[in-house]
Amino acid sequence: MASQIPSAKALDTDFMFTKLLVRDLDAATAFYSSVAGLIEMHRVEAVIDARPVTEVIYLPTYPGGPMFILARFHDVAHPATAELIMGFATQDLDAFVTRALAAGGKLIEAARELPEASMRVAFVADTEGHVLQVTQMLG
C-alpha cells in the first residue's frame, strides 16, 4: 500500500469488496489490470435477484484489504457511472494518470497538492466514465 492508513471498526464487520457495474467487461478488465495493476483471481457466472451476471474478481492489493469486483448484468445495456467515486493510493500519481489516459481513460481534474493533508490528488475516469480519485501521500 502506498501509505499506512490506520484502521478501526466499531462492530464485528469488515468491509469486504466493491463491485463496480460495467457495460463492457473486457474493456474494464483491461483498464484496471493495466492502470492499477490489479490481478484477476477468478471469474464467476452467477444470478442475483433472478438476473444473470458475470463477475471478474481481483485479489486484494494488500493483505487483509478489500477485493475489487467488476460485474456485468446481462440485462442492462448501460449501467450508471455516477454512483460512486473509487479511491486508489499510489506512490507515483503522474505515472498512474499517464497509464489511465493511455488505457482510454479521461482526465477529470489534474493533479494538485493538498499541503494541509500532505498529499497530491487527481481525478480520472475509466473507459466507461466511472470516477477514480487517485492519491499520493507526500513526505
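Let me begin with a definition: a residue is called buried under 20% relative accessible area, exposed over 50%, and partly exposed in between, using a 1.4 Å probe and protein chains only. The model is predicted, so local features need pLDDT of at least 70 and side-chain atom pairs count only at pLDDT 80 or more, while totals for chains, interfaces and linings use all residues. Residues are numbered from 1 along each chain as its sequence is written, and side-chain values use heavy atoms, with hydrogens and water left out.

I turn to the strands. Helices (H or I, at least four residues) and strands (E, at least two) are DSSP runs, numbered from the N terminus. Two strands pair if DSSP finds at least two bridges between them. Such pairing goes through backbone hydrogen bonds, either parallel or antiparallel.

An open sheet of 4 strands has the order β1-β4-β3-β2, with mixed pairing. Strands β1 (17-21) and β2 (40-48) stand at the edges with a single partner strand each, so one side of each has no neighbour in the sheet. On average, neighbouring strands here are turned by 25° against each other, direction ignored; axes are lines fitted to C-alpha atoms, for helices over the stretch in contact, and angles run from 0 to 180 degrees between N-to-C directions. Strand β2 pairs with β3 (residues 51-58) in the antiparallel sense over 8 bridges, and in this pairing Arg-43 stands opposite Val-56.

Elsewhere, β8 (residues 131-137) pairs with β5 (residues 85-89) in the parallel sense over 5 bridges. Strand β7 (residues 119-125) runs antiparallel to β8, joined to β8 by 7 bridges.

Now the charged pairs. A salt bridge is a side-chain nitrogen of Lys or Arg within 4 Å of a carboxyl oxygen of Asp or Glu. The whole structure holds 6 salt bridges. What is the distance between the closest N and O atoms of Glu-55 and Lys-19? The answer is 2.6 Å. Glu-55 lies in β3 and Lys-19 in β1, so this pair ties together parts that are 36 residues apart in sequence. Glu-55 is buried, at 7% relative accessible area, whereas Lys-19 is partly exposed, at 30%.

Arg-43 is partly exposed at 42%, and Glu-40 is partly exposed at 33%. Thank you for your attention.
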